[in-house]
Amino acid sequence: MEICIVGTGYVGLVTGACLAEIGHRVVCVDDDREKIAILNQGELPIFEPGLDGLVTRNRQEGRLSFTTDLKEGIGAATVIFICVGTPPLEDGDADLSAVEQVVRRIGELSSAYKLVVEKSTVPVQTGMWIEKTLKVYKGDQDARFDVASNPEFLREGSAIEDFLHPDRIVVGVEHSLAERLLRELYEPILNRAFTCPIHRRCGEAGPIPFLVTDIKSAELIKHASNSFLATKISFINSVADLCELVGADVELVAKGMGLDRRIGRAFLNAGLGFGGFCFPKDLQAFVKIAEKCGYDFRLLQEVDRINQSRISQAIRKLKDQLWILKDKVIGIWGLAFKPDTDDVRYSPALELSKRLLAEGVAVKAYDPKAMEKARRQLPSLVCCRDPYEAASGADALVVATEWKEFAGLDLTRVKTLMRRPVLLDGRNLFDRQKIKAMGFEYLGMGR
Ligand code: UGA
C-alpha cells in the first residue's frame with residue numbers, strides 16, 4: 001500500500017520504518033527541514049534501538065523516503081497517518097494546533113480518496129474535529145475522506161518490538177472501507193507474515209487481537225491505557241511510602257501482588273516516578289478533556305500529585321543523610337526518563353538534578369545516551385565521562401535511571417572514590433543487602 005506519515009518524531013519514524021519493513025511504500029513528511037536533511041543523509045535525529053538498521057535498509061530498498069513537501073507525500077498515498085506532536089499547553093490541555101494545520105493542508109491538497117488516521121495521542125472527539133476540518137478545507141471535487149483513530153502503544157526503547165509484535169491493534173472507524181484498508185495494512189503483522197528483524201519467535205505466538213471500535217472509543221482506549229499504567233505506578237509509590245513507615249519491602253509486596261494474574265507485576269516498580277513525553281502530559285490532557293466534558297477525574301489528579309511529590313521525597317531523603325545540601329557534591333547515574341533512550345523530556349532524573357542544582361549542590365551526572373540532550377536543557381550540569389567519574393568525590397550518589405550497565409559496575413571502586421558512601425537507589429536497582437554489606441549507607445525507595 002502507498003502510505004504517507006506526517007510528522008517524523010518517535011511515533012512517525014517508528015511507524016514509517018515498520019510499515020516499510022512489512023512491505024508498504026512509505027513517504028514520511030516533516031516541515032522541519034533540518035530533520036529531513038538528517039534523515040536523507042542516512043542518519044537519525046533520535047536514538048531508538050534497532051531503528052537505524054530498519055530505516056537504512058528500507059531507504060536503500062526504495063520503500064521509505066523523506067520529504068518536507070506534504071503535497072508530494074500525500075500524492076500517491078491512500079492512507080495518511082497523522083503523527084505530529086500534541087504537546088501540553090500551560091493549563092495541561094493538549095495543543096492540537098499542529099494536527100489542525102496538517103488536516104487543513106490535507107483537505108486543500110488532496111484530489112482523491114484518502115483515509116486520514118490519527119496516530120498521535122489526542123483527546124477524545126479529535127476525530128470528529130478532523131472530519132469537520134476536512135469538509136471545510138476540501139479543495140478538490142474528487143477528494144473524499146474517511147477518518148480513523150489508530151492509537152499507538154509504543155514504548156520508547158522497545159518501540160520496534162512493540163510495533164511488530166503488539167499486544168493488540170486498535171482501530172476506531174465509522175465506515176467499512178476504513179476498516180478494510182487498516183486490516184489490509186496490518187495484515188502482515190496480524191498474520192506474522194514478515195521476516196522479523198528482531199527475533200524469530202513471531203510465528204510461534206498466538207493471534208494478535210484486532211479490535212475495531214468507533215472513533216471515540218479508540219481515542220479513549222489510548223488515554224485510558226496510559227492513565228491506568230500511570231495509576232499503577234503512583235499506587236505502588238504510595239505503597240512504597242507506607243513500606244518505609246512500617247519497615248516492609250515494596251519489592252516483595254509488588255512481587256506478591258504481581259503473582260495475581262488479575263494484577264500483574266508490570267508497572268509496579270516503585271521509584272522516582274514516571275516521566276517522558278507521554279504519561280505526564282497524557283494524564284493531564286485526560287483530566288482536562290474529562291473536565292470539559294463534565295467529569296471531574298479526581299482519581300487521576302491524585303495520581304499526578306503523587307508522582308510530582310516523588311522528587312521532593314528523594315531530596316528529603318538526601319537531606320536526612322547529608323543535613324545541608326548546599327556545596328555538597330552529588331553524583332547522578334542516569335538522566336534519561338527511562339533506560340534505553342536518550343529522551344530527557346519530563347525526566348524525573350533531570351528534574352532531580354535541576355532541583356539539586358537550585359539547592360546549591362554540585363551535580364556530577366553520567367548517562368550512557370542522554371548527556372547531550374540533558375546538557376541542552378540544563379547547561380550548568382557537569383557531565384562526566386563515565387559513572388566512576390560521577391561518583392568521584394561525591395557526598396552521595398543517586399541512581400536516577402535504571403540502565404542495565406549500572407548494575408554491573410565495580411561498586412567497591414565506586415565506594416573508594418566517594419567522599420561518603422551514601423547511595424540513594426531511586427529505581428531499586430541494587431540488592432539492598434549486598435550493598436549494605438559492602439559498607440554503603442543504602443537508601444532505597446520503599447525498602
Ligand atoms: C508509554 C506507554 O508504555 C506506551 O504504551 C505508550 O504508547 C507511550 O507511553 C505513548 O503514549 O507514546 P513510554 O513513555 O515510552 O511508553 O515509557 P514507559 O515504559 O511506559 O515508562 C514511562 C515512565 O514510567 C518512565 O519514566 C518509567 O521509568 C516509569 N515507570 C514505568 C515507573 O516508574 N515504574 C514502572 O513500574 C514502570
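A salt bridge here is a side-chain nitrogen of Lys or Arg within 4 Å of a carboxyl oxygen of Asp or Glu. Keep that cut-off in mind as you click through this predicted model, which holds 32 salt bridges.

**Stop 1: Asp93 and Lys292**

Select Asp93 and Lys292 and show their side chains, which meet in a salt bridge with an N to O distance of 2.7 Å. Now colour the surroundings: Asp93 sits in the loop between β4 (79-82) and α5 (97-109), while Lys292 belongs to helix α11 (residues 279-292), so the pair ties together parts that are 199 residues apart in sequence. Asp93 is buried, at 11% relative accessible area, whereas Lys292 is exposed, at 57%.

**Stop 2: Arg310 and Asp241**

Next, select Arg310 and Asp241, another salt bridge, whose closest N and O atoms are 3.1 Å apart. This pair also links distant parts of the chain, with Arg310 in helix α12 (residues 298-322) and Asp241 in helix α9 (residues 215-246), 69 residues apart. Is Arg310 buried or exposed? Arg310 is buried, with a relative accessible area of 1%.

**Stop 3: along helix α12**

Stay on helix α12 and pick Arg316 and Asp320, which lie four residues apart, about one turn of the helix. Their side chains meet in a salt bridge at 3.5 Å, N to O. Arg316 is partly exposed, with a relative accessible area of 42%, and Asp320 is exposed, at 56%. For a network, select Glu156, Asp343 and Arg345: salt bridges that share partners join these residues into one.

**Stop 4: the ligand**

Now centre on the ligand. Which residues come nearest to the ligand? Of the 20 around it, they are Glu152, Leu154, Glu156, Lys222 and Asn226. Draw some distances to ligand oxygen atoms. A polar backbone atom of Leu154 is 2.8 Å from one, and a backbone N or O atom of Glu156 lies 2.7 Å from one. With Lys222, look at the side chain instead: a polar atom there lies 2.6 Å from a ligand oxygen. Taken alone, the ligand exposes 720 Å², and the protein buries 92% of that.

To finish, display the shell around the ligand by element. Both α9 and α11 give two or more residues to this shell, and α9 supplies the largest share, three residues.

Notes: Residues numbered from 1 in each chain as written. Predicted model: local features only at pLDDT ≥ 70, side-chain atom pairs only at ≥ 80, totals over all residues. Heavy atoms only, no water. Buried < 20%, exposed > 50% of the residue type's maximum accessible area, 1.4 Å probe, protein only. Near = heavy atom within 4 Å. Polar contact = N/O pair within 3.5 Å; in protein donor to acceptor, adjacent residues only side chain to side chain. Areas by Shrake-Rupley, 256 points an atom, 1.4 Å probe, with all protein chains shown as cover.
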